Amino acid sequence: MRTTYGRNPRARVREDRRTHASTALRRLTAGLVLAGAALLGPAAPAGLADSATPTPVPSGSASGAAAEGGPTEAGTSFRTAAFFRQGQQATAQGSTGDYLYWSFPADTGERPTVTATVTLPGAALRHGASTWRIDVYDGLRRRQPCMYGTQARSAAKDAGTVELACTLRPVRAAADTWSNDPLPGSYFVRLTVTGLPEDDLGQPFSARVGAASHSTGGAYATDGALAVPLVPGAATPEAAEARGPEGGWSSTWWSDRWIWTAAGGVLAALAGVGGYVLTRGSGRPSRVPPGV
């Protein structure tokens with residue numbers, strides 16, 4: 001007995017095409033999965049890191065002794081700001097009503113978080129509540145807004161400490177002058193009391209300030225870069241390096257955005273090849289008679 005395929009060559013052709021398309025689709029899917037895992041795997045953590053909760057981690061190699069090697073005094077102006085690196089803790093003693101200044105470096109791709117802990121005078125010496133505040137300025141002395149954190153907080157008369165925090169916007173390699181975007185260079189921290197009873201002026205307090213960064217990867221990468229980081233008073237590249245991160249300033253031309261771009265191009269090419277394979281069919285089998 002002759003089979004159905006023998007009686008109907010067109011059904012045989014359609015069956016061959018379906019089998020060929022199914023096999024090609026499986027191979028294409030497997031190829032796309034393997035290519036995506038190979039190309040996007042290294043870049044995914046950095047690219048997706050910014051979508052997570054911004055938990056700051058000390059940048060560079062500052063750890064152990066370096067974290068404790070911060071200055072023990074603060075400056076009284078931008079020009080005399082005490083320098084420390086991210087991961088270190090800067091401490092200082094002051095009198096209520098003073099302005100205390102520190103500076104630290106922040107590089108391209110970082111989102112710095114500044115924290116401050118103020119230890120207040122004894123409750124028996126104070127006459128009422130007080131309000132404390134930290135402000136962060138870039139190398140051009142432009143005040144930078146806080147994306148997260150509490151940069152100003154009131155302390156009750158019997159409070160022992162006040163904790164402040166300010167998370168800045170991501171530092172960009174370059175930006176328009178009108179944008180006020182953070183740029184790589186020095187950042188200044190100013191701590192002061194903004195409200196308290198007049199009788200409490202001049203009372204001693206102590207402060208501890210630190211900074212750490214959350215990496216944003218290439219999500220905020222921009223074209224172009226500054227010729228030199230914004231480090232006030234650094235007339236030479238060597239002076240700018242001396243007040244930079246422990247690992248030095250980044251070259252600013254590389255980001256994981258290059259990996260994402262290359263991976264997208266490869267996947268698009270694979271998709272084009274797969275579409276061609278699926279739509280061209282297997283051609284006319286030689287066993288099918290002409291005119292069928």
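Student: How do the residues lining the largest cavity divide into nonpolar, polar and charged?

Tutor: This is a predicted model. The lining includes Leu120, Pro121, Trp132 and Leu196, and these count as nonpolar. Thr96, Ser130 and Gln203 also line the cavity, as do Arg126 and Asp200. The division is four nonpolar, three polar and two charged.

Student: How much space lies in the largest cavity?

Tutor: The search of the whole structure finds one cavity of 30 Å³ or more. The space in the largest cavity is about 50 Å³.

Student: What is the volume of the second largest pocket?

Tutor: Look at its lining. The lining divides into four nonpolar, four polar and three charged. The pocket volume is about 200 Å³.

Student: Is Asp135 buried or exposed?

Tutor: Asp135 meets Arg133 in a salt bridge, at 3.0 Å from N to O. Arg133 has a relative accessible area of 25%, so it counts as partly exposed. Asp135 has a relative accessible area of 3%. Buried means under 20%, so Asp135 is buried.

Student: Which residues are linked with Asp135 in a network of salt bridges?

Tutor: The search of the whole structure finds six salt bridges. The Asp135 side chain meets that of Arg133 in one of them. The network links Asp135 with Arg133, Arg143 and Arg190.

Student: How many residues apart in sequence are the parts that Arg169 and Asp181 tie together?

Tutor: Arg169 and Asp181 form a salt bridge, with the closest N and O atoms 3.2 Å apart. Both residues lie in the loop between strand E8 (161-167) and strand E9 (185-195), so the pair ties together parts that are 12 residues apart.

Student: What share of the chain's residues count as buried?

Tutor: Asp181 is one example: at 17% relative accessibility, it counts as buried. The chain has 292 residues, and the buried share is 37%.

Student: Among contacts between residues at least 6 apart in sequence, what share join residues at least 24 apart?

Tutor: The chain has five helices and 10 strands. Contacts between residues at least 6 apart in sequence are the ones counted. The share joining residues at least 24 apart is 73%.

Methods:
Residues numbered from 1 in each chain as written. Predicted model: local features only at pLDDT ≥ 70, side-chain atom pairs only at ≥ 80, totals over all residues. Heavy atoms only, no water. 1 Å grid on protein atoms, 1.4 Å probe; cavity = no way out; pocket = protein on both sides within 12 Å on 5 of 7 lines; lining within 4 Å. Points joined across faces, edges and corners; volume = space filled by probe spheres on them. Helix = DSSP H or I, 4+ residues; strand = E, 2+ residues; numbered from the N terminus. Buried < 20%, exposed > 50% of the residue type's maximum accessible area, 1.4 Å probe, protein only. Contact = heavy atoms within 4.5 Å. Salt bridge = Lys/Arg side-chain N within 4 Å of Asp/Glu carboxyl O.
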